[in-house]
Amino acid sequence: MPSKHLQGEDEILLTPWRDFPVEDTDPFAPPDEEKWDFVLVSDIHEVGSEKEIKRKKFLDELSKKGFTIKKIEDKKLFYGVRAPKQIFQKYQGLLRKPNNRLQNPNVHQDVPVTTRIQIVNFILQNTTTPDLEKLHDLMKKKVFEATFPLHEKEEVREFLKEKWARWRGIFCQQPIEKIRCYFGEKVALYFAWLGWYTYLLGIAAVAGTVVFVAGITVFSSSQVSKEICEASNTIMCPLCDQKCSFWLLSDTCTYAKVTHMIDNEGTVLFAMFMAIWATVFLELWKRQRATVVTNWDLYRWDEEEEELAMELINNLQHEPQQYQHSYFRSTVILLLVLLMIAVLIGIAHALVIYRVIAMALFTQSNFAFLREQANTMAVMTGAVLHYITIVVMTKVNRRVALYLCDLEKPRTFSQRENNFTVKIFTFQFFTNFSSLIYIAFFLGRINGHPGNYVRIAGKWRLEECHPSGCITDLFIQMAIIMLLKQTISNVMEYLVPWIAHKLRKKQQRPKKRRLILGEEEEAEDPCKRQWLSNYQLNEVNIFSLFDEFLEMVIQYSFTTIFVAAFPLAPLLAFCNNLFEIRLDAIKMMRLCRRMVPRKANDIGIWLHVLEAIGILAVIGNGLVIAITSDFIPMQVYKYTYSPCMTENNTGVDCSTGYINHSLSIFRVQDFEPYTNVPEMQPDFVRDEIKECRYRDYRNADDYSYTVQFWHIFAARLAFLILFEHVALCVKLIAAWYVPDVPQFVKNQLLDRKHSNLHEELRWVMPQKVPGAAVLRDGTASSRSMMEYSTEVQPLLTEENEKHGLELPPQPGSAAGAGGTAAAPPAETGHVHWL
């Protein structure tokens, strides 16, 4: 198929002084230089087949719009398309500010490559064949296999490949401006946000590490840990119904020390610090974003106006799709979302059941190690299973969210993306955090007590907290999930595209043909190698950048919401992000096809998601400290029941006796009938044990709650309310104290407004076309009339005849049957262009 270039009939001239050639040629460019906006790839279909006919119809529609099309045949058919200059001049004319159009009527600067690709992609996606099929429909029917813009050997790309998409630049600053020039504003803003997030994560990582190290230094000095290690006479109740013997509290000495390493006074301060950090991070990002987009002149960019402009460029007869809202459809979608959330919560319940059954099986194991570490093994295997469910449900959540978005029928791609973001984040939040919420707030609090356990299916009893507290279980769960997500996921994120690229490259590698003696080798089309190398790269879908955002936002949730139980979360996130930036850069530059650039002046709805996470972080950390941690029970004991209060003894640690005070007594004779406690340790004589201890605040006679339980309950509630109100107040003060937009940006925008108005005022003053002299009475000089007649009048005549409009009378010419001269209005001196 030869290259062809047909001029579309629906072109409109946006300015009357356009003097450029209509053809899509550049007289100053070398004749052999060919640059193509997009490449369409198709299988080689049989002549006359349905797919070939559909392909020709689509390409004919592009030809009618003035596109240049070049065909190259290999194992596939490659069609390079290049849009005519008129399309981009229409774009410039529609979105150029009026004062700029008046000041620079003859200047037509080339649009940036990113904008050019964006416009061409929009036209390709919205070009309709006579069969009312678009490119998306044709790709579903396998008429076209792929469509992509090209990675070209240009200076910006080479710079990014050498300086940015390299592991050795892991600690170097990112070239955001060059990223924007190559991938567009949306990708550049993602990397600007990710870099800023990682930079501030460094501060949180230092604080979290200090808190963790401080916990290690008091590893053995805690009075509570000492009491547990010395409790060699405290007999604890069995942890299961069968084959679980009585055990000594001192057996968990190491576990108690680890718990205190996490659960100490520093944890409370760190949780408050992270609530403030989350707010300050977002406020500082808003300032950073305002500075960046102002430099790009996109601060007040209107996405809807841009979309309408491209619609008109593609089709002059286009009518904008109206906003619609259906309460019935919204109700159906809401019910489906709630149903999906219920399924995700059900999966969390299944994980709980697994932990219960695993605990029972481990305690009945023939291996002594599994019996002794049954609780820890159940927690760790449960965490691994939770990670597997996250991987699986992520794919399911995506499909469900896309289906719900289709039901909503969003008006624009941006609206569809926002709706999809809210739904997928909601689903992912419940997928990732349901199990953690159970461990943090329900584990050991709904399981009953010895003699009256809550059981699953009347058989397996629910887990209970360790005497040292449940916060260590939460620590283990978060550590395993974050480590797996940030190692396995990142390794797969890099290896899968790398292996896929190598395989595609190997399959598509052409076999060298042996030349017959005396035969000259046929010159290869220079475009062929470039198109093939781009085709061999991995496909980029429209949600590729969305996936990167989602991954980072979920990580941000882990880093902030339950950080009180895992102070090392910011450090792990910081280390991960250093590699994540370069990993994403290498994928985009070396392993994947070029992403279609998109304009943006913010990270969009993700900012609202981050703000919501900031509020959840305050609530989550407050609940962890108030409910999961032993901080509140210990403070109640110190200031109400400790020796310091009852005996006025200040020479001892006020937490002395806390462990004994927090354990209740259970009479062995009250065990349930089917409880079988074997004599598995030689130190115990079954008949001599009359009672055992368990973690709770209950009376020894009727097992009802003690007064101390209600004191602790009231203290937990009071602390939760106080913590959250203080943290939210500090967040509001920080948000007020740090302006969203820097003062110099506001002043810069003010100066631009003033300059634009000043220029508008110039054109309000009486004057004619550029270069015309204006007399004191407001009439035009003979030179201005001559220029109007010889230069402007023919262009206006051509434009108005094309659109069937009536031309205003020429200055100085006879108007009407009477032949009287009609000069332009003296009071304004404007020339009204149609």
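Modeller: The model is predicted: local features need pLDDT of at least 70, side-chain atom pairs count only at pLDDT 80 or more, and totals for chains, interfaces and linings use all residues. Residues are numbered from 1 along each chain as its sequence is written, and side-chain values use heavy atoms, with hydrogens and water left out.

Biologist: How many helices and strands are in the protein?

Modeller: There are 27 helices and 15 strands. Both are DSSP runs numbered from the N terminus, helices being H or I of at least four residues and strands E of at least two.

Biologist: What makes H260 buried or exposed?

Modeller: Buried means under 20% relative accessible area, exposed over 50%, and partly exposed in between (1.4 Å probe, protein chains only). H260 has 16%, so H260 is buried. H260 lies in helix α10, residues 253-262. Not counting residues up to four places away in sequence, H260 touches V218, S222 and S225, where contact means heavy atoms within 4.5 Å. Of the 834 residues in the protein, 50% are buried.

Biologist: Why is helix α2 called mostly covered?

Modeller: In α2, residues 85-95, eight of the eleven residues are buried. Among them are I87, F88 and Y91.

Biologist: Which residues touch the most other members of the largest nonpolar core?

Modeller: W193, W277 and F562 do, in a core of 143 residues. Helix α8 (residues 185-217) gives the largest share, 16 residues. Another core, of 27 residues, lies apart from it and includes F38, L62, F88 and L124. A nonpolar core is a set of buried Ala, Val, Leu, Ile, Met, Phe, Trp, Tyr and Cys residues joined through side-chain atoms within 4.5 Å.

Biologist: Why are α8 and α19 called roughly parallel to each other?

Modeller: Axes are lines fitted to C-alpha atoms, for helices over the stretch in contact, and angles run from 0 to 180 degrees between N-to-C directions. The axes of α8 and α19 (residues 544-561) cross at roughly 20 degrees and come within 11 Å. Angles under 35 degrees count as roughly parallel, over 145 as roughly antiparallel, 65 to 115 as roughly perpendicular and the rest as oblique. The two helices are therefore roughly parallel.

Biologist: Which residues of α8 and α19 meet?

Modeller: From α8 these include W193, Y197 and L201, and from α19 they include F549, M552 and Y556. By class, this contact has ten nonpolar, two polar and two charged residues. Ala, Val, Leu, Ile, Met, Phe, Trp, Tyr, Cys and Pro count as nonpolar, Asp, Glu, Lys and Arg as charged, and the others, Gly among them, as polar.
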